[in-house]
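Take a moment with the sequence and the fold before reading on.

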Amino acid sequence: MAGLLKKTTGLVGLAVSESPHERLRILYTKILDVLEQIPKNAAYRKYTEQITNERLDMVKAAENELSLARKMTQWKPWEPLVEEPPASQWKWPI
């Protein structure tokens with residue numbers, strides 16, 4: 001997969017983004033900034049803020065998951081332990 005590069009979205013007129021997570025974060029942040037100019041009690045602002053914040057959280061969660069997956073490939077927790085843990089390691093309370 002390392003050598004693959006997406007060349008098309010399959011949608012006419014829609015270009016492939018080089019950094020979609022960053023682009024989405026920028027767009028969602030700009031949307032939230034513009035929404036601050038609309039009265040707080042306006043239904044459009046309330047619901048659009050809610051949806052945009054949920055989507056922004058999803059982008060952040062995906063970035064965090066990618067970061068963790070990369071660390072896991074370095075840590076290799078599926079491999080056997082180098083040495084046995086102390087017998088009392090998992091006893092609580094001490």
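How are α1 and α2 oriented to each other? This is a predicted model, where local features need pLDDT of at least 70, side-chain atom pairs count only at pLDDT 80 or more, and totals for chains, interfaces and linings use all residues. Residues are numbered from 1 along each chain as its sequence is written, and side-chain values use heavy atoms, with hydrogens and water left out.

Start with the two helices. Helix α1 covers residues 20-35, and helix α2 covers residues 43-75. Helices here are DSSP runs of H or I with at least four residues, numbered from the N terminus. Two packed helices are described by the angle between their axes and the distance between the axes. For α1 and α2, the angle is about 155° and the axes are 10 Å apart. Axes are lines fitted to C-alpha atoms over the stretch in contact, and angles run from 0 to 180 degrees between N-to-C directions. The two helices are therefore roughly antiparallel to each other, a term for angles over 145 degrees.

Now look at where they meet. From α1 come residues including Y28, I31, L32 and L35, and they face a set in α2 that includes Y44, R45, T48 and L56. Contact means heavy atoms within 4.5 Å. By class, the contact of α1 with α2 has nine nonpolar, four polar and six charged residues. Ala, Val, Leu, Ile, Met, Phe, Trp, Tyr, Cys and Pro count as nonpolar, Asp, Glu, Lys and Arg as charged, and the others, Gly among them, as polar.

Zoom in on R45, in helix α2. R45 is buried, with a relative accessible area of 8%. Buried means under 20%, exposed over 50%, and partly exposed in between, using a 1.4 Å probe and protein chains only. A polar atom of the R45 side chain lies 2.6 Å from the backbone oxygen of I38. Beyond its neighbours within four places in sequence, R45 touches L35, E36, I38, P39 and K40.

T48 is also in α2. T48 counts as buried, at 16% relative accessibility. A polar atom of its side chain sits 2.7 Å from the backbone oxygen of Y44. Leaving aside neighbours within four places in sequence, T48 is in contact with I31 and L35.

Finally, the backbone. Most residues other than glycine have a negative phi, and most peptide bonds are trans. K76, in the segment after α2, has a positive phi, near 50°. The peptide bond from W92 to P93 is cis, with omega near -10°.

How values were computed: Parallel < 35°, antiparallel > 145°, perpendicular 65-115°, else oblique. Polar contact = N/O pair within 3.5 Å; in protein donor to acceptor, adjacent residues only side chain to side chain.
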